[in-house]
Amino acid sequence: MRAGSRVVIIGGGPGGYEAALVAAQLGARVCVVECQGMGGAAVLTDVVPSKTLIATAEWMTTSNDAAELGIRGGAEGTSVDMAAVNRRVLDLAGRQSHDIRARLEREGIRVVDGTGRLAGDLRSDGTRPVHVTTDDGEEELVAEIVLLATGAHPRVLPDAQPDGERILTWAQMYNLTELPEHLVVVGSGVTGAEFASAYNGLGVPVTLVSSRDRVLPGEDEDAAELIETVFRRRGMTVLSRSRAAAVHRTDTGVAVTLTDGRVIPASHCLLAVGGVPNTDGLGLEDVGVAVTERGHIRVDRVSRTTAVRVYAAGDCTGVLPLASVAAMQGRVAMWHALGDAVSPLDLDAVTANIFTAPEIATIGVTEREVQDGEVDAVVTQLPLARNPRAKMLGIREGFVKVMADRHSGAVIGGVVVAPRASELIFPLAVAVTQRITVDQLANVYTIYPSLSGSIAEAARTLHQTGR
């Protein structure tokens, strides 16, 4: 164990602050350099704010469906105060950032408000300099171990430059004080689908521009097809196989020009076309840290870069753009660097969730891998519509899908599409990571009635009778 080692972490997002806590626990002297605020973009402009906004939209969606349950609203119905919504969003994000900083400082971790960069290779004593720029000037930190956790920022299009008012990135959506009259969302990946779903739930007319045959092209096909069906049923316009060429301001809002010449007038446009790693200006080339063609830092499964005792975690590595993965990369880096027991990063065990309405949660092997013959497995899928608890709650759309190894019966993958799928996926995540068989999963008592009962039922359908 390398107790007393000097660790410098550049970036205070999930990869950075989780790494800092592990390093402090292992006895290192830790300094975190962050320019935006503790928690980074994940807490201040991305995950926390967007999911807070989505929680508000979820209440609106529920109230809109209340009539089916026999609940009648007043004559004026339900309205949205967008300024109040975004004040709450930003206040919650700020409080979460403050709590993270306070936790680090209680653990004896120094937090520096500034930007950092690698300023030289290893010295003869095994340390390397890290230069930090703050409002008060320059400071040189000395590190034996460096972790880069600088995240990413929204990608923009050459002819669609955000102005923070009408043409927006996901980080700028919380500037709005009024609901858009018509929102065009360019990009139908996870971020685009989540914002489109949220604003649709808030009662905004939404047009979703998707360059692929369907929304969420990288997700389970049945789940993506269901979500697109829900989007259309709720009045969203989905333009498949369409691509934005330009977005410009007009007297009344924006004009989104597609590559086929169509022009979509709207009040606002959200650009959700991916992210760009924050790796410029870190001094990577000076110390031998290799990057990919897209600028991501190359790392192995214990988060090592190509430079000695320089590690990296999170969106700047391009491994998997999830806060949970960033946090695990950061922990793994410190366990490895400081000589603790460590297992390499296992992406097969990652649970992921898309916060549309309904949500899509996934774990492990995909059905596409089974269909392509990459994995020898059996698959079952049960609709939630026949689940008694779902009927009580007025849930008509959603399903549970389970993949099991054909020979051992071990659960190796799962998909849940449902309200709160992010919670329902947990038993399947436990089953996948612990190699639980479908019979073992099926024999666990579930509450009747409950949505989780469908998970046990799906497992029972995969019981091998020997016939």
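Visitor: Which residues lie nearest the centre of the second largest pocket, and how many line it?
Guide: The lining has 29 residues, and Glu58, Thr61, Thr62, Asp65 and Pro419 lie nearest the centre. This is a predicted model, in which local features need pLDDT of at least 70 and side-chain atom pairs count only at pLDDT 80 or more, while totals for chains, interfaces and linings use all residues. Residues are numbered from 1 along each chain as its sequence is written, and side-chain values use heavy atoms, with hydrogens and water left out.

Visitor: What makes something a pocket and not a cavity?
Guide: On a 1 Å grid over the protein atoms alone, a cavity is a set of points where a 1.4 Å probe fits but cannot get out; a pocket is an open set with protein on both sides within 12 Å along at least five of seven lines, and lining residues have an atom within 4 Å of a point. The second largest pocket holds about 850 Å³ of space.

Visitor: Which helix supplies the largest share of that pocket's lining?
Guide: The largest share, 8 residues, comes from α3. Both α3 (47–64) and α5 (190–201) give at least two residues each. A helix here is a DSSP run (H or I, at least four residues), a strand is a run of E with at least two, and both are numbered from the N terminus.

Visitor: How do you know that α1 and α8 meet?
Guide: Contact means heavy atoms within 4.5 Å. By that rule, residues of α1 including Pro14, Glu18 and Val22 meet residues of α8, among them Ala323, Arg331 and Trp335.

Visitor: Why is arginine 420 called partly exposed?
Guide: Buried means under 20% relative accessible area, exposed over 50%, and partly exposed in between (1.4 Å probe, protein chains only). Arginine 420 is at 43%, so it counts as partly exposed. The residue sits in the loop between β23 (411–418) and α11 (421–424).

Visitor: What is the phi of arginine 420?
Guide: Phi is near 60° there, a positive value in a residue other than glycine. Arginine 435 also has a positive phi, near 55°, and lies in the loop between α12 (426–433) and α13. Most residues other than glycine have a negative phi, and most peptide bonds are trans.

Visitor: Which residues does a cis peptide bond with omega of about 5° join?
Guide: That bond joins alanine 357 and proline 358. Proline 358 is in the loop between β19 (351–354) and β20 (359–364).

Terms used. Grid points are joined across faces, edges and corners, and a volume is the space filled by probe spheres set on the points.
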